[in-house]
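This report describes a single protein chain, part by part. The sequence and coordinates come first, followed by the description.

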Amino acid sequence: MSGARTPKVGFVSLGCPKATVDSEHILTRLRAEGYEIAPEYDGADLVVINTCGFVDDAVAESLDAIGEAMAENGRVVVTGCLGAKADVIRNAFPDVLAVTGPHATDEVMGAIHTHVPKPHDPFVDLVPPQGIRLTPRHYAYLKISEGCNHRCTFCIIPSMRGDLVSRPFGDIMAEAEKLVDAGVQELLVVSQDTSAYGVDVRYRTGFWGGRPMKTRLLELSQALGELGVWVRMHYVYPYPSVDDLIPLMAEGKILPYLDVPFQHASPAILKAMKRPASAENVLERVRKWRSICPDLTIRSTFITGFPGETEADFEALLRFLEAAELDRVGAFAYSPVEGAAANALADPVPEEVRENRRARLMAFQEDISTQRLERKIGREITVLVDDIEEEGAIARSEGDAPDIDGLVVIPDAHHLEPGDFVRVRVTDCDVHDLYAELVSD
């Protein structure tokens, strides 16, 4: 490699938004040190693969990505959650240059330095203040903590990412302000357990703008709500402390949206999963939330066919969905994950039954979600434009997170631009999406 040529690094990012943030940190370091980011395998001096390893399908996708990079380029550094199982990667691809676990920017950079020495004169000013991001210009993920203190029996994330480590209050707010200054209109708050922010440091006092602030989700939400952009909460466990956020949503300080991973509703299955809270408490909490903030959107995920799940347990889950009237629901058939405690539980459910129950749950929830959307027909709402396509503007409402929820289609609104906030009147809906017309000024 000629010393005069700027070294190029290819990058493949897989997995959840938390992994996306890790990727952004690595990409920012690469550009800060003067590396170029190669858009294709051909021409890259090295390729970094940020993997996911949470479920079997994700492991397979990650291994496929590594295999493709090895075949097309041959010089590969692997990081991310699957990297916590280095033997799996080394057995499949013994010639990879290096393997690190998740949240390992320094280790990844060290591997890159070893195999592709950094340029002699890095141009730090080439990197924008908000860093290099993988999301569109108008929204960004904001990770507030790493790791998790729960030991859910189906999950191996704590073994990969460790226990909860909350970011300092001031660091989060400094990053948020840089993002907003760079044009971000929506901050999506993510972590393994957003509700637990600050528990590990006993809610010690942090500082922002010279003001003392408790390292706690309520105070963080209040501060983020002062930035004048949408603030959306993801991965929120239904602890009692979440009740304090609902008035902020009702007042318009943060979005009336909660992504809550309930996972099940049967007390027996929740106990086997080692999940907090009971279904009865959750239903009462949901009713209370909606009494304070009627426009609240709640999305959740559930697992069907968990070991020991009977037909009665599954029916209890359907009854919960009927009573809770959640707006958005995702479901996964239970998949044994290597290293998860649930693998040792008695009475595994046959794969065919697991899949059948997942399909039944989604069909059952479809009517509920559609009815929730139908209630919005005729209403005026504010939406954020994401894209312009042939049929018109593609936007999202306050109740729609990017990539996982629905869209708001505004026909013939081709004059709008991504990042625009506009008022629309909802005219129709289908199972997932809303259709709307612009409201004249």
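Leaving aside neighbours within four places in sequence, which residues is C152 in contact with?

## Basis of the description

The model is predicted: local features need pLDDT of at least 70, side-chain atom pairs count only at pLDDT 80 or more, and totals for chains, interfaces and linings use all residues. Residues are numbered from 1 along each chain as its sequence is written, and side-chain values use heavy atoms, with hydrogens and water left out.

## The annotated cysteines

Beyond its neighbours within four places in sequence, C152 is in contact with Y237, M273, K274 and R275; contact means heavy atoms within 4.5 Å. C152 belongs to the loop between β7 (145–146) and α5 (157–161). Helices (H or I, at least four residues) and strands (E, at least two) are DSSP runs, numbered from the N terminus. With a relative accessibility of 8%, C152 counts as buried; buried means under 20% relative accessible area, exposed over 50%, and partly exposed in between, for a 1.4 Å probe and protein chains only.

C155 also lies in the loop between β7 and α5. An unreviewed UniProt entry gives the feature "binding site" at C148, C152 and C155. UniProt positions are in the numbering used here, feature names are shortened, and annotations may be inferred rather than shown by experiment.

## The parallel sheet

An open sheet of 5 strands has the order β2-β1-β3-β4-β5, with parallel pairing. Two strands pair if DSSP finds at least two bridges between them. The edge strands, each pairing on one side only, are β2 (36–38) and β5 (98–99). Strand β4 (residues 76–80) runs parallel to β5 and is joined to it by 2 bridges. V77 has A98 in β5 as its bridge partner.

Helix α2 (residues 56–72) packs on this sheet, touching β3 (46–51) and β4, and its direction makes about 175° with that of β3. Axes are lines fitted to C-alpha atoms, for helices over the stretch in contact, and angles run from 0 to 180 degrees between N-to-C directions. Helix α4 (residues 105–115) also packs on the sheet; it touches β1 (8–13), β3, β4 and β5, at about 160° to the direction of β3.

## The barrel and the TRAM span

A closed barrel of 5 strands runs β16-β17-β18-β20-β19, with mixed pairing. Its neighbouring strands are turned by 50° against each other on average, direction ignored. Strands β19 (residues 421–429) and β20 (residues 434–438) pair in the antiparallel sense over 5 bridges. D428 has Y435 in β20 as its bridge partner.

UniProt, in an unreviewed entry, lists residues 374–440 as "domain: TRAM". The span of residues 374–440 is 1% helix and 49% strand, and its end C-alpha atoms lie 23 Å apart.

## Salt bridges

The structure holds 30 salt bridges, each defined as a side-chain nitrogen of Lys or Arg within 4 Å of a carboxyl oxygen of Asp or Glu. One of them joins E33 and R29, with an N to O distance of 3.7 Å. E33 is buried at 12% relative accessible area, whereas R29 is partly exposed at 29%.

D243 and R285 form a salt bridge whose closest N and O atoms are 3.1 Å apart. This pair links distant parts of the chain, 42 residues apart: D243 is in the loop between β12 (230–233) and α8 (246–250), and R285 is in helix α10 (residues 279–292). Both D243 and R285 are buried.

R360 and E315 form another salt bridge, with the closest N and O atoms 3.2 Å apart. R360 lies in helix α12 (residues 351–374) and E315 in helix α11 (residues 311–324), so the pair ties together parts that are 45 residues apart in sequence. R360 is partly exposed at 30% relative accessibility, and E315 is partly exposed at 28%. Salt bridges that share partners join E309, E311, E315, R319, E322, R357 and R360 into one network.

## Nonpolar cores

A nonpolar core is a set of buried Ala, Val, Leu, Ile, Met, Phe, Trp, Tyr and Cys residues joined through side-chain atoms within 4.5 Å. The largest has 54 residues, of which L224, L258 and F320 touch the most other members.
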